[in-house]
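Trainee: I would like to go through this model with you. Can we take the fold, then the pockets, then the surface?

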Amino acid sequence: IGNYFFIGGIFAAISAILGGMIANYYGITIPFWVTLIVSFVALIFTLTLEEPEIHRTTGEVKYWDHIADTFKYLWRHPSLYHSIFLAVALTVTLRLLDEYAQLYFFKVGVTLFSLGYLSAIAGVIESICSKFAYLLVRFKRKNIYLISLIISIFGFLLMSYFHSAIGIIFVYFPIIATWMVEPLFNANLHRELPSSHRATGESFVSLLRSMIVIPVAFGFSYLVDHYSIF
């Protein structure tokens with residue numbers, strides 16, 4: 001899982017740098033057209049995928065019964081759904097930061113060209129933290145989550161406090177916090193959920209994340225429009 005996120009972070013860093021350069025020299029719309037080309041290549045790869053021959057345990061029960069069974073399993077394991085809430089809180093803040101970081105960068109005077117490099121740093125952080133997250137398995141999960149939450153909160157507080165380029169440093173704190181936890185959380189979820197509930201359990205995590213992102217995103221947009229990005 002760590003290597004998967006590591007590779008994704010590297011490509012995110014490369015694409016961020018290229019996107020910043022292209023936008024700076026040729027305009028803000030050109031990177032979108034280039035991305036469309038890459039998406040078309042990805043579509044071709046997708047069409048070559050084949051479904052593996054596996055035994056489908058979920059086919060033995062009704063759809064809604066299976067969902068209810070997975071929910072009951074999660075509810076009977078407090079340590080599991082507590083870690084889900086914590087991981088969702090971190091990833092939600094990271095998703096919103098990803099949306100609003102560019103506004104923050106522009107507000108403190110970052111150029112379009114530099115924006116690509118600043119975004120690339122986030123990709124590098126994702127890669128490094130994911131690559132070495134397995135080293136944290138020796139520590140108690142609650143301590144890791146606590147430290148990551150403190151780092152994330154500390155970063156947001158200082159981002160809002162500094163109205164200058166100094167604040168850019170602290171933009172990366174929530175990114176570090178999230179990618180410290182994300183590979184460990186995925187590994188824990190896969191290990192603690194039985195195979196018959198694993199995919200549906202991950203769907204519950206995605207559902208919870210979206211349910212929180214939507215109202216918070218509306219709230220953030222109101223605050224930015226009526227007050228400031230800080």
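This is a predicted model: local features need pLDDT of at least 70, side-chain atom pairs count only at pLDDT 80 or more; totals for chains, interfaces and linings use all residues.

Mentor: Residues are numbered from 1 along each chain as its sequence is written, and side-chain values use heavy atoms, with hydrogens and water left out.

Trainee: How many helices and strands does the protein have?

Mentor: Helices (H or I, at least four residues) and strands (E, at least two) are DSSP runs, numbered from the N terminus. From that end, the elements run α-α-α-α-α-α-α-α. The count is eight helices and zero strands.

Trainee: What share of the residues is buried?

Mentor: Buried means under 20% relative accessible area, exposed over 50%, partly exposed in between (1.4 Å probe, protein chains only). The C-alpha atoms fill a box of roughly 55 × 40 × 35 Å along the principal axes. Of the 230 residues, the buried share is 34%.

Trainee: What is the volume of the largest pocket?

Mentor: A pocket is an open set of points on a 1 Å grid over the protein atoms alone, where a 1.4 Å probe fits, with protein on both sides within 12 Å along at least five of seven lines. Grid points are joined across faces, edges and corners, and a volume is the space filled by probe spheres set on the points. For the largest pocket that gives about 1,300 Å³.

Trainee: Which helix gives the largest share of the lining of that largest pocket?

Mentor: Lining residues have an atom within 4 Å of a point. There are 39 of them, and A12, A16, D98, Q102 and S119 lie nearest the centre. α1 (2–26), α2 (30–47), α4 (78–107), α5 (112–131) and α7 (167–192) each supply at least two. The largest share, 10 residues, comes from α4.

Trainee: How many charged residues are in the lining of the largest pocket?

Mentor: Ala, Val, Leu, Ile, Met, Phe, Trp, Tyr, Cys and Pro count as nonpolar, Asp, Glu, Lys and Arg as charged, and the others, Gly among them, as polar. The lining has 23 nonpolar and 10 polar residues. Its charged residues number six.

Trainee: Which helix gives the largest share of the lining of the second largest pocket?

Mentor: This pocket holds about 350 Å³. Its lining has 16 residues, with Y100, F156, F220, I229 and F230 nearest the centre. By class, 13 are nonpolar, three polar and none charged. α4, α6 (141–161) and α8 (198–226) each supply at least two residues, and the largest share, six residues, comes from α4.

Trainee: How far apart in space are Y161 and F230?

Mentor: Y161 sits in helix α6. Y161 counts as exposed because its relative accessibility is 61%. In sequence, Y161 and F230 are 69 residues apart. C-alpha to C-alpha, the distance is 7.5 Å.

Trainee: Is V124 buried or partly exposed?

Mentor: V124 is in helix α5. Its C-alpha atom is separated by 8.4 Å from that of F6, 118 residues apart along the chain. V124 has 37% relative accessibility, so it counts as partly exposed.

Trainee: Why does Y26 count as exposed?

Mentor: Y26 lies in helix α1. The exposed label follows from its relative accessible area. That value is 63%.
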